[in-house]
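Student: I have a model open and would like to talk it through with you. Could we go region by region?

Tutor: Happy to, let's take a look together.

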Amino acid sequence: RLELIPLLSKHANDLFSVLSDASLYEYTRDEPPVSLASLSERYRRLESRQSPDGTKAWLNWAIVELASGAVIGYVQATVESHRSEIAWVVGSNWQRRGYATEATQAMTAWLRSAGVKELRAKINPSHAASQRVAAKTGLDRTREVIDGEEVWVSRL
């Protein structure tokens, strides 16, 4: 149902309206993009696929719904050594269809095949939908809390 494609600056055109929905940020410290130009510039920086100091891989994929061709969100992984912080966002119009779980499972399967041994996600304790995505992706809630968010982990 979905295809993950490397996120490029051109995807800002498709994702700007999706990510401008304030309800997507109810459980995060993120905010909607301030402009199409700023989102495009952010994605242009991410195209390098690595942090400025070269110590981390920045892996970001646009989620494309195959039936419509619409770009509906993104998944991301920041990889350092054999450990990755992961996150996902699916636009409100496409939620409650299992898309976040499907895209996150595809990303984590790829990460595992690339040698990542530990996956971590930080999730607001009130965000039940993201907790379900994490659980279905094989992550377990830990007792660790960072900046008010629970840390979920999967280790090989």
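Tutor: Let's start with a pair of helices: where H1 passes H2, the crossing is right-handed. Keep in mind that this is a predicted model.

Student: How many residues of the contact of H1 with H2 are nonpolar, polar and charged?

Tutor: On the H1 side, the residues are Ala12, Asn13, Leu15, Phe16 and Leu19, and they meet Leu36, Leu39, Ser40 and Tyr43 in H2. Sorted by type, the residues of this contact divide into seven nonpolar, two polar and no charged.

Student: Which residues does Ser9 touch, not counting those up to four places away in sequence?

Tutor: Ser9 lies in the loop between strand S1 (2-6) and H1. Beyond four places in sequence, Ser9 touches Ser40, Tyr43, Arg44 and Glu47.

Student: How far apart in space are Ser9 and Ser113, C-alpha to C-alpha?

Tutor: In sequence, Ser9 and Ser113 are 104 residues apart. In space, their C-alpha to C-alpha separation is 26 Å.

Student: Now the strands. Is Asn60 buried or exposed?

Tutor: Asn60 is found in strand S2 (residues 57-65). Leaving aside neighbours within four places in sequence, Asn60 is in contact with Ile5, Pro6, Leu7, Leu46, Arg49, Val75 and Gln76. Its relative accessibility is 6%, and buried means under 20%, so Asn60 counts as buried.

Student: What is the relative accessibility of Met107, and which class does that give?

Tutor: Met107 has its place in helix H3 (residues 99-113). Outside four places in sequence, the contacts of Met107 are Leu4, Trp61, Val75, Gln76, Ala77, Ile86 and Ala87. Its relative accessibility is 1%, which is under the 20% cut-off, so Met107 counts as buried.

Student: Helix H3 also holds Ala109. Is Ala109 buried or partly exposed?

Tutor: Ala109 and Thr137 are 28 residues apart in sequence and 9.4 Å apart in space, C-alpha to C-alpha. The relative accessibility of Ala109 is 47%, between the 20% and 50% cut-offs, so Ala109 counts as partly exposed.

Student: What is the C-alpha to C-alpha distance between Val79 and Thr55?

Tutor: Val79 lies in strand S3, and at 12% relative accessibility it counts as buried. Leaving aside neighbours within four places in sequence, Val79 is in contact with Thr55, Lys56, Ala57, Leu59, Ser84, Leu111 and Val116. Val79 and Thr55 are 24 residues apart in sequence, and in space their C-alpha to C-alpha distance is 8.7 Å.

Student: What is the phi of Ser81 near?

Tutor: Ser81 sits in the loop between strand S3 (71-80) and strand S4 (83-90). At 61% relative accessibility, Ser81 counts as exposed. Its phi is positive, in a residue other than glycine, and is near 60°.

Student: And what is the phi of Asp147?

Tutor: Asp147 lies in the loop between strand S6 (140-146) and S7. Asp147 is exposed, with a relative accessible area of 61%. Although Asp147 is not a glycine, its phi is positive, at about 50°.

Student: Last one: from which residue does a backbone oxygen lie 3.4 Å from a polar atom of the side chain of Ser154?

Tutor: Ser154 has its place in strand S7 (residues 149-155) and is buried, with a relative accessible area of 11%. Leaving aside neighbours within four places in sequence, Ser154 is in contact with Arg112, Lys117, Glu118, Leu119, Gly138 and Leu139. The backbone oxygen at 3.4 Å from the polar side-chain atom belongs to Gly138.

Methods
Residues numbered from 1 in each chain as written. Predicted model: local features only at pLDDT ≥ 70, side-chain atom pairs only at ≥ 80, totals over all residues. Heavy atoms only, no water. Helix = DSSP H or I, 4+ residues; strand = E, 2+ residues; numbered from the N terminus. Buried < 20%, exposed > 50% of the residue type's maximum accessible area, 1.4 Å probe, protein only. Polar contact = N/O pair within 3.5 Å; in protein donor to acceptor, adjacent residues only side chain to side chain. Contact = heavy atoms within 4.5 Å. Left-handed = near helix turned anticlockwise from the far one by under 90°. Nonpolar A, V, L, I, M, F, W, Y, C, P; charged D, E, K, R; others polar.
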